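Below is a short briefing on one protein chain. Look over the sequence and the model before reading the points that follow.

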Amino acid sequence: MDEIRDLEVIRELLETRQYTTLRQRMADMNEADAAALMEELKEEELLKIFRILPKDTAADVFSYLEVDSQQFIITRLSDKEAAGIINNLMADDATDLLEEMPANIVKKLLVNASAETRRDINHLLRYPEDSAGSIMTVEYVDLKENMTVEEAIMRIRQIGMDSETINICYVLDQKRTLVGTVALRYLLISPADAVIGEIMHEHVIFINTLMDQEEVARQFQKYDFTAMPVVDNENRLVGIITVDDVVDILQEEATEDMEKMAAIVPSDKPYMRTGVFETWKKRIPWLLLLMISAAFTGSIITSFESALSACVVLTAYIPMLMDTGGNAGGQASVTIIRGLSLDEIAFSDLLRVVWKEARVALLCGLTLAAANFVKLLVFDSVAVPVAAVVCLTLTSAVLIAKIVGCTLPMLAQKVGFDPAVMASPFITTIVDALSLLIYFRIATVLLHI
């Protein structure tokens, strides 16, 4: 309700041209809240409000806007205004913006940006996509190990406003090699003449520029840090990654895994910003592959056509057997994929995982078979041999499904594929074919057809 009321007030101030009041109200809001509110406005209203924002607030609000809104604003600002926004953005935010912009706009922005901003952006753009170097920021507080605490505090005062964070300062030697860290609180309680090299923490946990962003997120989760330094191959400090970037990584990686598990080629755009044709291109490859692979299921049924004609009642239970097997395999695969992504499971655990899933499958299969056996005899009034065929197949299908569901993701990761690819749709297709083969083989033996 507060958001709706704020939006109504903002629109009223715009309509009545009370720009001074509007400017102050927007400046008093949290930058993220201001951006969220502006996203609810029409494009022309959005641009009008952005132009009247205080300069020190505009860049912060801009970094929270959606990419479409950022592009709309940038393309309508003068070169000087656009350069002002880019120069006031953190380098990692500016780089993310430019990666989404058309080439002609990027060229205009870089030409008008300050030399320092261009250097920082080009520095970040040269790293591989989704690497630590591509998501780090180069705005941090660095200190020399021979500085005194008083000199360190003076340096923080000089560059702190332009830094991503000042809670942790990074200590470098003459070659810019990272040799330690010191927390701001230790600087504040240490004697003014104490030397940084004597009070710093020497055992630094750092990230390499080429580390994959998913591994970066794991490091943050492991150590519970709010910021981590990023070094090159010679241990020279080149940037830092803060926890707000890690939150974005986790969301991005989770979305990507969910799309792969649903047999969709991952997209880097939100759903509402993805066109129909683009969405079709993301979905159709896997649908074609799964359709072709499912054709094997049809060929299996065709090859046992004579058995089905001899005992037509078997046909009624094919969907149930296939669905149960697919669901059982999906349960196992999702559990294992999640365990792999959290580093809870490694390929060396394969035999232990298979042994565990086999026992779970046996318990699940026997429970389902017992319940189904009663249902077949009492409600469906089928013969005992037919009920035995269905229940034996059900137990076997669950067992095979869970073994396939747990092994395929681990094998995929071992050979270098994303284990999320081996999720429910792919496993279901395999299990369907195996379930039918088992079904008809058991029926042939027990029913003599």
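L377 counts as partly exposed, at 32% relative accessibility. That residue is found in helix 20. The model is predicted, and L377 belongs to a nonpolar surface patch.

**Nonpolar surface patch**

- V374, L377, V378, F379 and V384 make up this patch, which covers about 490 Å².
- Helix 20 spans residues 350–378 and supplies the largest share of the patch, three residues.

**Negative surface patch**

- A patch of negative charge gathers D96, E99, E100, E129, D244, D248 and E252 on the surface.
- Two elements give two or more residues each to this patch: helix 8 (91–100) and helix 16 (243–261).
- D244 lies in helix 16.
- The relative accessible area of D244 is 39%, so this residue is partly exposed.

**Salt bridges**

- How many salt bridges does a search of the whole structure find? The search finds nine.
- One of them pairs R155 with D142, at 2.7 Å from N to O.
- This pair links distant parts of the chain. R155 sits in helix 12 (residues 149–159), and D142 sits in strand 1 (residues 142–144). The two residues are 13 residues apart.
- Is D142 buried or partly exposed? D142 counts as buried, because its relative accessibility is 10% and the limit for buried is under 20%.
- R155 counts as partly exposed, at 23% relative accessibility.
- Another bridge joins E214 and R218, whose closest N and O atoms are 3.9 Å apart. The cut-off for a salt bridge is within 4 Å, so this pair qualifies.
- E214 and R218 both lie in helix 15 (residues 213–223). They are four residues apart, about one turn of the helix.
- E214 counts as partly exposed, with 23% relative accessibility.
- R218 is buried, with a relative accessible area of 19%. The limit for buried is under 20%, so R218 falls on the buried side.
- D380 and K375 also meet through their side chains in a salt bridge, at 2.9 Å from N to O.
- D380 counts as partly exposed at 28% relative accessibility. K375 is partly exposed too, with a relative accessible area of 35%.

**Cysteines**

- Zero disulfides turn up in a search of the whole structure.
- C364 is in no disulfide. The nearest cysteine sulfur belongs to C406 and is 13 Å away.
- C364 counts as partly exposed, at 31% relative accessibility.
- C391 is in no disulfide either. For C391 the nearest cysteine sulfur is that of C311, 14 Å away.
- C391 counts as buried, at 8% relative accessibility.

**Sequence separation and distance in space**

- V230 lies in strand 5 (residues 227–231).
- V230 counts as buried, at 0% relative accessibility.
- V230 and C406 are 176 residues apart in sequence. In space, their C-alpha atoms are 35 Å apart.
- S303 is found in helix 17 (residues 276–303).
- Is S303 buried or exposed? S303 counts as exposed, because its relative accessibility is 52% and the limit for exposed is over 50%.
- S303 and F440 are 137 residues apart in sequence. The distance between them in space is 9.9 Å, C-alpha to C-alpha.

Definitions and conventions
Residues are numbered from 1 along each chain as its sequence is written. This is a predicted model: local features need pLDDT of at least 70, side-chain atom pairs count only at pLDDT 80 or more; totals for chains, interfaces and linings use all residues. Side-chain values use heavy atoms; hydrogens and water are left out. Patches are made of residues with over 30% relative accessible area and no salt bridge: like charges are joined within 9 Å, nonpolar side chains (Val, Leu, Ile, Met, Phe, Trp, Tyr) within 5 Å. Accessible areas come from the Shrake-Rupley method with a 1.4 Å probe; for residues, only the protein chains shown count as cover. Lys and Arg count as positive and Asp and Glu as negative; His and the chain ends are not counted. The place of a charge is taken as NZ of Lys, CZ of Arg, CG of Asp or CD of Glu. Buried means under 20% relative accessible area, exposed over 50%, partly exposed in between (1.4 Å probe, protein chains only). A disulfide is a pair of cysteine sulfur atoms within 2.5 Å.
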